[in-house]
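The following questions and answers examine one protein model in terms of its geometry and contacts. Please consult the sequence and the coordinates alongside the text.

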Amino acid sequence: MSSESKRKILVTSALPYANGPIHLGHVLEAIQTDIYVRYQKSLGNECYFFCADDTHGTPIMLAARKEGISPEELIDRVRTEHYRDLSGFLVEYDNYYTTNSEENRILSEEIYLSLKGKGHIAEREIEQAYCDTDKMFLPDRFIKGTCPNCGTQDQYGDSCENCGATYSPKDLKDSHCSLCGTPPVSRNSKHIFFKLGDFEKYLSNWVEKDSHVAEGVRKKLKEWFEAGLQDWDISRDGPYFGFKIPGETEKYFYVWLDAPIGYMASSLNYFKGDRKKFDSFWKDEKTEISHFIGKDILYFHTLFWPATLEGGGYRSPTQVHVHGFITVNGEKMSKSRGTFIKAEGYLKHLDPEHLRFYLAGKLGPGMDDLDLSFDDYTAKVNSDFVGNFVNLVSRVATSILDKLDRTLGSLDTEGKKILDELRSSEPKIREWYETRNYTRVMKECSRLGDIANKYVNDLAPWIQIKSDAEAARKTVTVALNAARILSIYLYPVLPKSGEKVYKILGINKKPEFADLASDLEKTKVSVYEMITKRVEEKSIQTMLEENTLETKSAQPTTPAVTPKTEGVLEISIEDLSKVDLRVGKIIEAGPVEGADKLVQVKLDLGPLGTKNVFAGIKASYQPQDLLGLTIVAVANLKPRKMKFGVSEAMLLASGEGESLSLFVPHRGANPGDKLK
């Protein structure tokens, strides 16, 4: 790509607040953004990924006070933890900074004074809740009382968690300061407002122009335009942890004023204060600025932020990409339900690339919520990641290549045809990455992996090697070139795996789209290195159990739980009733070509019909020994797609390896009988 055709792109993800740990909601957005950035870099574009911790506000000040440390000490520690957890998911920032920086203070003051000089700032007195004990004005979230709508006690000053009603803090019954319990009093205070309505025409044109936002976002913004744009209170009274407003006494910028300016500050820090380089992005419309955010902060990023930039003398964003929320096993992330999963807890037990792979398969360009079902996660990773992509490499890059002096051969006409078919998907894949339609990318790569694996299965190099080594060499050469193409396509999603495949192939660089044009022939291949392993359900269960225990331990009022036997998970009778255990008769059994441990069987389950099962029992049972055997199976297991086909049930057994033993009913059991 010539320097003239290279795009210049500055990309950000929303700033995690420095008052809590990184959880899977943060990780979703960080991964979505990182995939986009890695894709742009793999094309050779000049692309930067900037982020920072959002560090200002009353909650930070109070959390630090509770720990007996300064706010600066708190945010420095939390920033280190946040960066550790996010980069643990292979998210590669060019700069991960803090909003409590000198660059951010200078930029915030410059932009505010520009807005004020142009007449976009207003002042007026407002009535506010004040705590005489703590000597401070109270934000809405620091006032609690009884909901005026449904009567639920201990609700916040702005909304009720029980009925969802929104209200003013003065409407609360029995209101009190959440810090000391003292009833607040009303006091007037001068506040400073940003006149958002001054920018209504500008914002309306920005929203309608080009593709700054998706259609769903545009419709939502029209509702706000119709309701009228309100002035925005950008000041807070001291004591407050933040930047003081120039020319004012004990007035501070509200966190939402300086937080998005933190994007700019992070870039200015990275550019080492070079205002010319900084302006080449933030003032030049020829470059691109892309923000990735969640739909909960849509208002700030699509109305206040573009208006603030325009009034401050800067350009507006090129695109604002908005995603939905993440749920876990069909439920909102909740500490009480054990579905609030911290990044640190996930990384302790599970592979970060597995989550990147799974989330990419569900991420589209819209604002739809996304569910992390761990059953589905296990099936997708084991089938499509390990069973399809990794298997394409591992099955030909180990013992077969050892017998071929680990050297590739030449490509014949049929082999080149397969590779050209894979290469023909490049335009579609590039378009889908560009539009953040990652789910389409993943489906296409799965389809291409099926094509390559079928080619290998049909020619069976593990059989070819016995009679025609050169034929096996050609098959292996096609397979590994196909894996290289898929590594390039999947590199934005699976950077670590892509680099491992390249290392095996003896290529000392990161995969990039420019590599698609060439083929690898007559070259030495390195020793195989494990790319990734299958998901173990035990690891998931351990993570979820630890997450639940950690949540409970943080709640001192919760009664102590009687210790359980190590490794034993208790379930209720209701949980047990969900498992449909049935007697099944094996009416067909055969080997699975290309699989050392699997046997394919057909189960007669009586009134439930016949189900197909792939069972890892070959070490203990040969197919011919299984015919006519009556066993016990889980009949209502969610069908699982494997590269060999779909497995629709599970055989029950004990033991492992050669000592594995299938469960067999004692007497008088017929196919379809239900176990009680």
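A residue is called buried under 20% relative accessible area, exposed over 50% and partly exposed in between, with a 1.4 Å probe and protein chains only. The model is predicted, so local features need pLDDT of at least 70 and side-chain atom pairs count only at pLDDT 80 or more, whereas totals for chains, interfaces and linings use all residues. Residues are numbered from 1 along each chain as its sequence is written, and side-chain values use heavy atoms, with hydrogens and water left out.

Q: Is W232 buried or exposed?
A: The limit for a buried residue is under 20% relative accessible area. W232 has a relative accessibility of 8%, and therefore counts as buried.

Q: Which kind of aromatic pair do F194 and W232 form?
A: Rings of Phe, Tyr and Trp (its six-membered ring) pair if their centres lie within 6.5 Å; planes under 30 degrees apart count as stacked, over 60 as edge-to-face and the rest as tilted. F194 lies in strand β9 (residues 185-194) and W232 in strand β10 (residues 232-233), so the pair ties together parts that are 38 residues apart in sequence. Helices (H or I, at least four residues) and strands (E, at least two) are DSSP runs, numbered from the N terminus. The centres of F194 and W232 are 6.3 Å apart and the planes stand at 65°, which makes the pair edge-to-face.

Q: How many aromatic pairs does a search of the whole structure find?
A: Ring pairs link F194, F199, W224, W232, W256, Y299, F300 and F304 into a cluster. A search of the whole structure gives a total of 37 aromatic pairs.

Q: How many residues apart are F89 and Y346?
A: The ring centres of F89 and Y346 are 5.3 Å apart and the planes are at 35°, so this pair is tilted. Both F89 and Y346 are buried. F89 is in the loop between α3 (71-87) and β3 (95-98), while Y346 is in helix α10 (residues 343-349); the pair links distant parts of the chain, with a separation of 257 residues.

Q: Over which ring does the charged end of K8 sit?
A: A charge sits over a ring if NZ of Lys or CZ of Arg is within 6 Å of the ring centre and within 35 degrees of the ring normal. K283 lies over the face of Y314, at 5.1 Å from the ring centre. For K8, the charged end is 5.1 Å from the centre of the ring of F281.

Q: Which residue of β2 is the bridge partner of V11?
A: Two strands pair if DSSP finds at least two bridges between them. Five of the six residues of strand β1 (residues 8-13) are buried, so this strand is largely enclosed by the rest of the structure. Five bridges in the parallel sense connect β1 with strand β2 (residues 46-53). Within β2, V11 is bridged to F49.

Q: Which residue of β13 is the bridge partner of T12?
A: Strand β1 is also joined to strand β13 (residues 288-294), in parallel, by five bridges. Within β13, the partner of T12 is H291.

Q: In what order do the three strands of the open sheet lie?
A: Strand β15 (residues 326-328) and β16 run antiparallel and are joined by two bridges; T327 has K332 of β16 as its bridge partner. The pairing in this sheet of three strands is mixed, and the order is β16-β15-β17. β16 (331-332) and β17 (370-372) each have a single partner strand, so they stand at the edges, and one side of each is left without a neighbour in the sheet.

Q: Which residues does D258 touch, not counting residues up to four places away in sequence?
A: D258 belongs to helix α7 (residues 255-270) and is buried, because its relative accessible area is 0%. Contact means heavy atoms within 4.5 Å. Outside four places in sequence, D258 touches H56, T99, N104, S108, F243 and F253.
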